[in-house]
Amino acid sequence: MAFRRSLFFVLWIYIFSGSFRFLYGQVAVRPEIINYPNSVYQAQSQNWSVTQNEEGLLFFANNEGLLTYDGASWHHYSLPENQILRTVAADGKGRVYGGGFGVFGYWQKNGYNGFQFHNLSDLVKDSMFGAEEIWKVIPASNFVLFQSFSRIHLLHNNQVKTIVAPGTILYTYQIRDHFYVQVLEKGLYRISENETLEPVSNAPILINKRITLMLPYGTREILMGTERDGLWLMDPMTGQVKAFQTTVDHILKGGEINAGLKLGDDLYAIGTIGEGVIFINARGSMQAVVNKNTGLLNNTILGMYPDKEGNLWLAMDKGNAQLVLKSNVAYFKDLQGRIGTVYAVAIYNHQLFVGSNHGLFQAPYDRMASFELSSLKEVAGITGQVWDLKVIDGTLFCGNNTGTYTITAGGVHKISSLPGGWDLEPVSDPVNGGILKLLQGTYNGIVVYQKQNGLWQLTQVLKGTENMAVSKMVIDSTGCIWAMHAYKGVYLLKPDSSCTHLLSSRMLPLKTLGPTTLRWSMFSYKGGVRLAGGAGIFKWLPEQDSLLHDKSLEGYFAPYSKPVGVFSDSGRGYWVIDAQSQLHYKAGAGQWTRFALNTHLFNLVRGYESIVSVDEAQSLLTGEDGFVVLHKTEHTLPVNLPAPDFRQIFLMQDGKPSALEAKYLQSDGSLKLPYSKNNLLISYSLAYYEQPVTYRFRLKGSGQNNWSVPSTLGQKELNNLPAGHYIFEIKSSLSDNVSSLAIWVLNPWYYSLVARCLYALLLIAIALLLWRWHKHRLKLQRQAMTFKMREALQLQREKNANQLLLLEQKKLSEEVIHKSEDLAKLAMELIKKKKILKRLKEELDHMKSQKGQDAQAVDGKIQKLSKSLNKYIQDEETDWQLFDNGFSKVHEVFFEKLVQAYPDLTSQDLRLAAYLKMNLSTKEIAPLLNISVRGVEIKRYRLRKKLQLDSHDNLSDFMLRF
């Protein structure tokens, strides 16, 4: 799991101002202490070892595994079973070896996926390996050494040879070309050419004491350190051992020596368990002590390593630390806040004067190498804000918030009560030489001083400058005053020869060069004055009344031709402060020297920077909480460092990072990503540790080709990249070199070449279909028009035919009505006939019942007539059939519809329905059915039930409507 924390979050950074100084390479240095607690790297506090690879990346052996630091972010890698990593060492060839309990192997860069661990434990054939812990790793020219407390394993060509020690061992040390190891209670051994342990010395100190330090000393001797018995020297040729006396023996013996390094021919760093780091020279004299009292997180030093810049890294019981040993900047920082923010410094009469917002301070001064900030004392009579300190005409002038003072051997004298003595500048006498007058910018105008009776006295305020807040002035060779107004800009003032009033005043058109928020700096150049700022370097052309780029001077200042501030170094060269508040110096036609101002230790006061030259070798720079000494000729730092490197690239999905698959990484280092993988997290850094680094990026191809604002965060997330080709570029604040990463985001599947071909074919097919559809539509329209015309004709014909049909229907209807009437009449006649015949039959039957015996002949005739009438009466079905045929011709569909609607109806029901359809009454229906009226009503009731009619529905009306 990786933990990203930029250097912006480094906590507990100290530089102590007391008795900490030493000579390193014959240069007086005040080391900076930069602490990295576990809250920064997000792992366990305890660290055992530290190393650096060929790319400049740092690696720490931590209780949670391997920590890597690239100057911008920390990353964490665990061992296979989350063991404690006890030791780590880089071989300079791309591998970082490490070991822990029952395991050793190496980490190697895995493309843009960080580092991958390769376990080599299986190569060990020794049965005890699984129960041992690896405490030391040394990559040598022909093997890699892994050491436990009883074994030494030598790895070469993927084979491991195990050397079993004759006893318990602590650590293995590489001195020159040999590897030494102490076997407790037996003496000192070394690894022979045939890779066995051979004895070197059995001196009592090597048998009875625990050796925790071995370093080369001189041409052939070895400096050895014991836990609690100080330092010793041994001659490996003779095996003789002798004590090495130092001025810090009491500290070394009480502090328990645990580690050490040789940092130069005359400097050793010794790490202890209880006293931090002790620096001594080759003669045993203490040069410095770095411990918790001087700013270190804790005093237990478990590992030490010198980086490529010559600085020292510490792995400690609590956290890690960097000691910046090689620097051309010495910090004098007021940790107690007694002095405050420094605005001005000056050296006068072997005294160093420091002006701050707390007043004026002074201390005896011989040279900066021996100066102590704690020796500064307040100058009585001058309190509050000090703006300016200048030595002019053998007198020290102090511009204060309450007025202006002179400081001489005779004491402090107030020469002006006008508030705000910002800047004091001498006016040279063009005739007699020397200093004619002094001009001072104040809160309320430019003040004129003149010497009277050997003392400088205020004479007047230069007329025309009243109420003008002038914070800085430069007087050119013509006597013109370039005045920086505190709030408005720069004025070009021309005073009269006696400096009593202004002849002219012109506000320079700075607004035409850029926003009014741009900071401007004025400096002298060959008798004239130049203006420098974010828009470049400009000179004034009075004949054109305009400002013009000074191309030649910009070329001289390149690549810092757009500075925040420019300061002249007493004619020797120029100081430049760039946009990142970093300092650069150039003397004459020489090269630029970069001064690594660590913004975690020191901050400039923007707009009030002041650089004072001490001599050819040193200058003083003011800032917040103190000042720094700039060593102009020592430890020149690289001006243009390499471009940052791309460290890791993650694919982002649902806000979570995942490893970049190898198939997306091309042979030229570019990325080719499918459209579904268009979210990236890119981590980058410059492996540089002497000062905080800021980064800028841009994504070419996205329409935004401008560089981003500087940020200490060494990563950028790119989300939802559209399909296309991009160039992601990064650069640091310490270099103009740019690193580029080409990113190809492929088209989505629905926009691929095949898909586009399919789309083209589909469009062609759609076009053909549309064309055919249009053609078919035209055909249909023509057919429709033809059909409509035919339909119109047909309609006309049908209309005519309908008219004929209507006439015919009317005629037929009339005939139907007529036939219905006839049918009804026929039915009535039949009824009447049946009634008559019934009556006759009844009479005949009556006569038969009353006839006498003598009337047999009549009886036979009557009986014959009765049978004929009876046959006629009984032939109802024939009559009904005739009636039904006639009824059906008039009402063709009545029976059909009625039977379909009510399939349960009988023939008697249909006959009754037919009579009802003819609107016959019950009495009229009874004789036709040859039943009584009561029988007809019963049949009507039954028919109503079959037709499911309500009680309020009329059966006759129903039949008439049906």
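Select glutamate 133 and arginine 86: they form a salt bridge, with the closest N and O atoms 2.7 Å apart. A salt bridge here is a side-chain nitrogen of Lys or Arg within 4 Å of a carboxyl oxygen of Asp or Glu. The model is predicted: local features need pLDDT of at least 70 and side-chain atom pairs pLDDT 80 or more, while totals for chains, interfaces and linings use all residues. Residues are numbered from 1 along each chain as its sequence is written, and side-chain values use heavy atoms, without hydrogens or water.

Glutamate 133 sits in the loop between strand 11 (115-119) and strand 12 (136-139), and arginine 86 in the loop between strand 7 (74-77) and strand 8 (87-90), so the pair ties together parts 47 residues apart in sequence. Helices (H or I, at least four residues) and strands (E, at least two) are DSSP runs, numbered from the N terminus. Both glutamate 133 and arginine 86 are buried. Buried means under 20% relative accessible area, exposed over 50%, and partly exposed in between (1.4 Å probe, protein chains only). The structure holds 24 salt bridges.

Next, select lysine 390 and glutamate 425, another salt bridge, whose closest N and O atoms are 3.8 Å apart. Lysine 390 is in strand 36 (residues 386-392) and glutamate 425 in strand 40 (residues 423-428), so this pair ties together parts 35 residues apart in sequence. Lysine 390 counts as partly exposed because its relative accessibility is 23%; glutamate 425, at 18%, is buried. Salt bridges with shared partners join Asp388, Lys390, Asp423 and Glu425 into one network.

Move on to the hairpin of strand 52 and strand 53, with 4 residues between the strands, and pick serine 570, which has a positive phi near 50 degrees.

Then select Leu671, Ile682, Phe728, Leu741 and Ile743, the residues with the most contacts inside the largest nonpolar core, which has 28 residues. Such a core is a set of buried Ala, Val, Leu, Ile, Met, Phe, Trp, Tyr and Cys residues joined through side-chain atoms within 4.5 Å. Elements giving two or more residues to this core include strand 59 (645-653) and strand 65 (724-732). Apart from this core lies another, of 24 residues, among them Tyr902 and Met959.

Stay with strand 65 and select serine 732. Is serine 732 buried or exposed? Serine 732 is buried, because its relative accessible area is 6%.

Finish at tyrosine 750, in the loop between strand 66 (739-745) and helix 5 (753-850). Tyrosine 750 counts as partly exposed, at 40% relative accessibility.

Key: Two strands pair if DSSP finds at least two bridges between them.
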